[in-house]
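Me: I would like to learn how to read the surroundings of one residue and then the fold as a whole. Could we work through a case together?

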Amino acid sequence: MILVSSCLAGLEVRYNGTHSLNHKISKLIEVNKAIPVCPELLGGFSTPREPAEIIGGNGEDVLDGKAKVVEKSGRDVTELYIKGAYTILKKAKDVNATVVVLKEYSPSCGSSMIYNGEFIGEKIVGNGVTTALLQNSCIQLYHTLNLIN
């Protein structure tokens, strides 16, 4: 089984209420080979929501307590991101997921690049909180830039 970011499945769950539909992902869901999940919604957020970025590091740093996830207004939402990440990890284990395909750049799902924490649209090398947790748990990850066939 494959877990995929819900926004890639066409669900309007991104922070601004949009999606990032990927047709390969939607076909996997149609044939019951993939399950859509959103760590931010599972962490307790609603849609739409304020944009958030990791301040002071990357997903691993958040899990280690060295960085935090903050909304643009300054509200610390680190715990919700961590809760969502652990919920996705449990789901991956429950369905015996061998692969997870995540949306790039997200503070949850970014798997090679994330925003730099200054809310100016600049990206840096790094990963999101969910990605970091899944990598630490030896689950194979893909992002849409290197999408599986």
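Me: Leaving aside neighbours within four places in sequence, which residues is E71 in contact with?

Reply: A contact here means heavy atoms within 4.5 Å. In this predicted model, E71 touches F45, E50, P51, A52, V77 and F119, once its neighbours within four places in sequence are set aside.

Me: Is E71 buried or exposed?

Reply: A residue counts as buried when its relative accessible area is under 20%. E71 has a value of 5%, and is therefore buried; its place in the chain is in strand β4, which covers residues 68-71.

Me: How many helices and strands does the chain have, and in which order do the elements run?

Reply: The chain has five helices and eight strands, and, read from the N terminus on, the elements follow the order β-α-β-α-β-α-β-α-β-β-β-α-β.

Me: What does the radius of gyration of the chain say when it is set against that of a compact globule?

Reply: For 149 residues a compact globule would have a radius of gyration near 15 Å, and the chain, with 14 Å, agrees with this. The C-alpha trace spans about 40 × 30 × 25 Å along its principal axes, and 48% of the 149 residues count as buried.

Me: What share of the contacts joins residues at least 24 apart in sequence?

Reply: Among contacts between residues at least 6 apart in sequence, 60% join residues at least 24 apart.

Me: And how much of the accessible surface belongs to carbon and sulfur atoms?

Reply: The accessible surface of the chain comes to about 7300 Å², and carbon and sulfur atoms hold 50% of that.

Conventions:
Residues numbered from 1 in each chain as written. Predicted model: local features only at pLDDT ≥ 70, side-chain atom pairs only at ≥ 80, totals over all residues. Heavy atoms only, no water. Helix = DSSP H or I, 4+ residues; strand = E, 2+ residues; numbered from the N terminus. Buried < 20%, exposed > 50% of the residue type's maximum accessible area, 1.4 Å probe, protein only. Rg over C-alpha atoms; globule rule 2.2 N^0.38 Å. Areas by Shrake-Rupley, 256 points an atom, 1.4 Å probe, with all protein chains shown as cover.
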